[in-house]
Amino acid sequence: MLKIAFASTDQVHVNLHFGGSESLVIYDVSPGVADLVSVGQFVRAVLKGENKDKGAAADAAPAPVVEAAPPVDPSQPEPDKVLAKLDFVQDCAAVYAAAIGTSSIKRLMKAGVQPIIVEAGHEIMDLLNEVSLALCHPGALGWVDAALAKANTAAPAADSGPSESRRPLLTLVD
């Protein structure tokens, strides 16, 4: 089983920039099954740089921008707006987003989380199916193979039983 995060406003589509995301959803993915395990809500960050206009939800009304108060001491750096998101996804094998800035890519990789950029509007269910199939077919997605190898070196987690948020995926046929 792998934990996968998605930057999404509606829990149906990947449609947000990772650093500016207001919402991240995490699924546990196993062959044929995906369980929604967590939804994180974050203060909207003001994006800067080349990706600032990528990954905005096209169908969402613009949310009010809440900027952090300036530091009391101007010599201090401004607060890290991505840190809470990095903490939220720390146990995930991957994060799917419509855009991810270079700095966040480096930080995710250092934490052992695979950053994956997909076209805005990509359906989460399709991506869950892709990961689920890759769990059954080694070599289909290299990052899944690497994440499985890493997960197999860790202690197995206890099964929490059936969940109301369980989503059956495609039936696997050999």
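Start with how the chain folds back on itself: in this predicted model, residues 24 or more positions apart make up 61% of the contacts that have a separation of 6 or more. The protein has 174 residues, and 36% of them count as buried. You'll find 4 helices and 8 strands, and from the N terminus on they come in the order β-β-β-β-α-β-α-β-β-α-α-β.

Leu 24 is a handy residue for tracing both pairings: its bridge partner in E4 is Gly 40, and Leu 24 is itself the partner of Ala 7. Further along, Asp 28 stands opposite Asp 35 in E4. E3 and E4 form a hairpin with 2 residues between them, and Gly 32 in that turn has a positive phi of about 85°.

Gln 11 has a positive phi of about 60°, although it is not a glycine. To find Gln 11, look in the loop between E1 and strand E2 (13-14).

Now for the inside. In soluble globular proteins, nonpolar side chains tend to be buried together. Here the largest nonpolar core has 23 residues, and Ile 4, Phe 6, Tyr 96 and Trp 143 are the ones with the most contacts inside it. H3 supplies the largest share, 6 residues. There is also a second, separate core of 16 residues, which includes Phe 18, Ile 26, Val 82 and Ile 100.

Leaving aside neighbours within four places in sequence, Tyr 96 is in contact with a whole list of residues, including Ile 4, Phe 6, Val 14, Leu 127, Val 131 and Trp 143. Ile 116 is on that list too. Along the chain, Ile 116 and Tyr 96 are 20 residues apart, yet their C-alpha atoms are separated by 4.8 Å. Ile 116 is found in strand E6, and at 14% relative accessibility this residue counts as buried. Not counting residues up to four places away in sequence, Ile 116 touches Ala 94, Val 95, Tyr 96, Ala 97, Ile 100 and Trp 143.

H3 has 13 residues and reaches 19 Å from its first C-alpha to its last, close to the 18 Å expected at 1.5 Å a residue. Its buried residues are Ile 124, Leu 127, Leu 128, Asn 129, Val 131, Ser 132, Ala 134 and Leu 135.

For H4, with 12 residues, the span should be 16 Å at 1.5 Å a residue, and the end C-alpha atoms are 17 Å apart, which agrees. The buried residues of H4 are Trp 143, Val 144 and Ala 147. Looking down the axis of H4, these buried residues fall within an arc of 100°, so they line one face of the helix. What do the buried residues of H4 pack against? They pack against E1, E5, strand E6 (114-117) and H3. The face of H4 turned away from the buried side carries the exposed residues Gly 142, Asn 152 and Thr 153.

One last stop is a lysine. Lys 85 sits in helix H1 (residues 83-88). Is Lys 85 buried or exposed? With a relative accessible area of 1%, Lys 85 is buried, because the cut-off is under 20%. A polar atom of the Lys 85 side chain lies 3.3 Å from the backbone oxygen of Lys 81.

Definitions and conventions
Residues are numbered from 1 along each chain as its sequence is written. This is a predicted model: local features need pLDDT of at least 70, side-chain atom pairs count only at pLDDT 80 or more; totals for chains, interfaces and linings use all residues. Side-chain values use heavy atoms; hydrogens and water are left out. A nonpolar core is a set of buried Ala, Val, Leu, Ile, Met, Phe, Trp, Tyr and Cys residues joined through side-chain atoms within 4.5 Å. Buried means under 20% relative accessible area, exposed over 50%, partly exposed in between (1.4 Å probe, protein chains only). Contact means heavy atoms within 4.5 Å. Two strands pair if DSSP finds at least two bridges between them. The expected span of a helix is 1.5 Å times one less than its number of residues. The arc is that of the directions from the helix axis to the C-beta atoms. A polar contact is a pair of N or O atoms within 3.5 Å; within protein, one must be able to donate a hydrogen and the other to accept it, and residues adjacent in sequence count only if both atoms are side-chain atoms.
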